[in-house]
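Here is a brisk report on one protein model.

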Amino acid sequence: MKGKIRVSAQVEDFIKSLAPKPRRRIRLAIKGLDQGRGDIKRLEGSLQPFSRLRVAGYRIIYAERTERGMRVVDCVFAEARPLVYELFIKLLSEDAMT
């Protein structure tokens, strides 16, 4: 099912900070989410409502939902592999406190 992809400001800023080659790879991979393509995995534990897209040493965390009968993919966080899950969990817990 085709749908819409939304990219958060954090993800966009992260992509812009990269060199041209990884930037291009990540943008193409995010576009592929529209058709369910890519190295995708559902996350577990406290991150269960989210999935991740792996692009080389980077991870994009996203959530899927349906809006007016259309599939919407919200890319909410992106970072290098060694940091992504720890930082995202911290961000979620900070949001829960406010």
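## Ile-15 and its neighbours

Ile-15 is in contact with Arg-23, Ile-26, Arg-27 and Ile-30, leaving aside its neighbours within four places in sequence. The model is predicted. Ile-15 sits in helix H1. Its relative accessibility is 2%, so Ile-15 counts as buried; the cut-off for buried is under 20%.

Ile-15 and Arg-27 are twelve residues apart in sequence. In space, their C-alpha atoms are 7.9 Å apart.

## Helix H1 against helix H2

Helix H1 covers residues 9–16, and helix H2 covers residues 20–32. How close do their axes come, and at what angle do they cross? The axes come within 9 Å and cross at roughly 145 degrees. From H1, the contact uses Val-11, Glu-12, Phe-14, Ile-15 and Lys-16. From H2, it uses Arg-23, Ile-26, Arg-27 and Ile-30.

By class, the contact of H1 with H2 has five nonpolar and four charged residues. It has no polar residues.

## Phe-14

Phe-14 is also found in helix H1. Is Phe-14 buried or exposed? With a relative accessible area of 10%, Phe-14 is buried, given that buried means under 20%.

Not counting residues up to four places away in sequence, Phe-14 touches Ile-26, Tyr-58, Ala-78, Glu-79 and Ala-80. A further reference distance runs from Phe-14 to Leu-87. These two residues are 73 residues apart in sequence, and their C-alpha atoms are 13 Å apart in space.

## The phenylalanine cluster

The count of aromatic pairs comes to three. A pair of aromatic rings is described by the distance of the centres and the angle of the planes. Take Phe-50 and Phe-88. Their pair is edge-to-face, with 5.0 Å centre to centre and 90 degrees between the planes. Phe-50 lies in the loop between strand S2 (39–42) and strand S3 (51–55), and Phe-88 lies in helix H3 (residues 81–97), so the pair ties together parts that are 38 residues apart in sequence. Both Phe-50 and Phe-88 are buried.

Phe-77 and Phe-88 form a tilted pair. The centres are 5.5 Å apart, and the planes are 35 degrees apart. This pair links distant parts of the chain: Phe-77 in strand S5 (residues 70–80) and Phe-88 in helix H3, eleven residues apart. Phe-77 is buried, as is Phe-88. Ring pairs link Phe-50, Phe-77 and Phe-88 into a cluster.

Most residues other than glycine have a negative phi. Which way does phi go at Ala-56, positive or negative? Ala-56 has a positive phi of about 55 degrees although it is not a glycine. Ala-56 lies in the loop between S3 and strand S4 (58–67). With a relative accessible area of 44%, Ala-56 is partly exposed.

Arg-68 also has a positive phi, of about 50 degrees, and is not a glycine. Arg-68 is found in the loop between S4 and S5. Its relative accessible area is 81%, so Arg-68 is exposed; the cut-off for exposed is over 50%.

## The whole chain

The protein has three helices and five strands. Along the sequence, the pattern reads β-α-α-β-β-β-β-α. Residues 24 or more positions apart account for 47% of the contacts with a separation of 6 or more.

What radius of gyration does the protein have? It has 13 Å. A compact globule of 98 residues would have a radius of gyration near 13 Å, so the value agrees. The C-alpha atoms fill a box of roughly 35 × 35 × 20 Å, taken along the principal axes. Of the 98 residues, 35% count as buried. The accessible surface comes to about 6300 Å². Carbon and sulfur atoms hold 54% of this surface.

Conventions: Residues numbered from 1 in each chain as written. Predicted model: local features only at pLDDT ≥ 70, side-chain atom pairs only at ≥ 80, totals over all residues. Heavy atoms only, no water. Axes fitted to C-alpha atoms, helices over the stretch in contact; angles between N-to-C directions. Helix = DSSP H or I, 4+ residues; strand = E, 2+ residues; numbered from the N terminus. Contact = heavy atoms within 4.5 Å. Nonpolar A, V, L, I, M, F, W, Y, C, P; charged D, E, K, R; others polar. Rg over C-alpha atoms; globule rule 2.2 N^0.38 Å. Buried < 20%, exposed > 50% of the residue type's maximum accessible area, 1.4 Å probe, protein only. Areas by Shrake-Rupley, 256 points an atom, 1.4 Å probe, with all protein chains shown as cover. Phe/Tyr/Trp six-rings, centres within 6.5 Å; stacked < 30°, edge-to-face > 60°.
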